[in-house]
Amino acid sequence: MAKYLLLKHYRGAPAPANCDTTIDQWTPDEVAAHIQYMQDFGDKLVATGEFVEHQALAPEGTFVRYDGEGRPPVTDGPFAETKDLIAGWTVIDVDSYERALELAGELSAAPGPGGQPIQEWLELRPFLTAPPTITE
């Protein structure tokens, strides 16, 4: 089994095929249908033993950096922040990369405005199974 991250973006990924608005512009019924799809997707993965976790992120967040002993942390900066980019994620544990692709495609079909599948782009990333090897 191999773990993969299916990363949902607010912005930064290519535009979805069937949705030109962000979820904050959808109707309450459209949001509810989208969330229900996500819950049903997770339940299906629990049943197959492939579910690890999925979470949606709140829109607020802050970058923090240590700036030296006795100094307050530095927050926010002139760069893109994940609160502007990442909507949430699902972690799966599957037998193959091909299965991870299949599930990512299914998740991409979550409904959006008008109940149509969004066909959003998801970022599929494998978890490291060992520390990277450093060669000199």
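Which residues does histidine 34 touch, not counting residues up to four places away in sequence? They are Lys8, Ile23, Trp26, Ala110, Pro111, Ile118 and Glu120, where contact means heavy atoms within 4.5 Å. Histidine 34 sits in helix 1, which covers residues 28–48. Its relative accessible area is 7%, so histidine 34 is buried; buried means under 20% relative accessible area, exposed over 50%, and partly exposed in between (1.4 Å probe, protein chains only).

This is a predicted model, in which local features need pLDDT of at least 70, side-chain atom pairs count only at pLDDT 80 or more, and totals for chains, interfaces and linings use all residues. Residues are numbered from 1 along each chain as its sequence is written, and side-chain values use heavy atoms, with hydrogens and water left out.

## The chain as a whole

The chain has 3 helices and 6 strands. Helices (H or I, at least four residues) and strands (E, at least two) are DSSP runs, numbered from the N terminus. Read from the N terminus, the order of elements is β-α-β-β-β-α-β-α-β. Of the 136 residues in the chain, 26% are buried. Among contacts with a separation of 6 or more, 73% are between residues 24 or more positions apart. The accessible surface is about 9100 Å², and carbon and sulfur atoms account for 56% of that surface. Accessible areas come from the Shrake-Rupley method with a 1.4 Å probe; for residues, only the protein chains shown count as cover.

## The nonpolar core

The largest nonpolar core has 12 residues, among them Tyr4, Leu6, Met38, Phe41, Ile92 and Leu122. A nonpolar core is a set of buried Ala, Val, Leu, Ile, Met, Phe, Trp, Tyr and Cys residues joined through side-chain atoms within 4.5 Å. Two or more residues of this core come from each of strand 1 (2–9), helix 1, strand 5 (86–94) and helix 3 (97–108). Helix 3 gives the most, with 4 residues. In soluble globular proteins, nonpolar side chains tend to be buried together. Leaving out residues up to four places away in sequence, methionine 38 touches Lys8, His54, Thr90 and Leu107.

## Glutamate 30

Glutamate 30 also belongs to helix 1. Glutamate 30 is buried yet has no salt bridge, and the nearest side chain of opposite charge, lysine 8, is 14 Å away. For charge, Lys and Arg count as positive and Asp and Glu as negative, while His and the chain ends are not counted. A salt bridge is a side-chain nitrogen of Lys or Arg within 4 Å of a carboxyl oxygen of Asp or Glu. A polar atom of the glutamate 30 side chain lies 2.9 Å from the backbone nitrogen of threonine 27. Apart from residues up to four places away in sequence, glutamate 30 touches Gly112, Pro113 and Gly114.

## Salt bridges

The structure holds 5 salt bridges.

| Glutamate 50 | Arginine 99 | 2.8 Å |

Glutamate 50 lies in the loop between helix 1 and strand 2 (51–56), whereas arginine 99 lies in helix 3, 49 residues apart from it. Arginine 99 is buried because its relative accessible area is 17%, and glutamate 50 is buried too. Glutamate 102 and arginine 99 are 3 residues apart in helix 3, so about one helical turn separates them. Glutamate 102 is partly exposed, at 48% relative accessibility. Salt bridges link Glu50, Arg99 and Glu102 in a network. In the remaining pair of the table, arginine 125 is partly exposed at 47% relative accessibility, and glutamate 123 is partly exposed at 28%.

## Two further residues

Glutamine 119 lies in the loop between helix 3 and strand 6 (122–126). Its phi is near 55 degrees, a positive value in a residue other than glycine. Most residues other than glycine have a negative phi. Glutamine 119 is partly exposed, with 40% relative accessibility.

Methionine 1 lies in the segment before strand 1 and is exposed, at 62% relative accessibility. Methionine 1 and aspartate 95 are 94 residues apart in sequence, but their C-alpha atoms are 4.5 Å apart in space. Beyond its neighbours within four places in sequence, methionine 1 is in contact with Gly49, Asp93, Val94 and Asp95.

Definitions and conventions: Polar contact = N/O pair within 3.5 Å; in protein donor to acceptor, adjacent residues only side chain to side chain.
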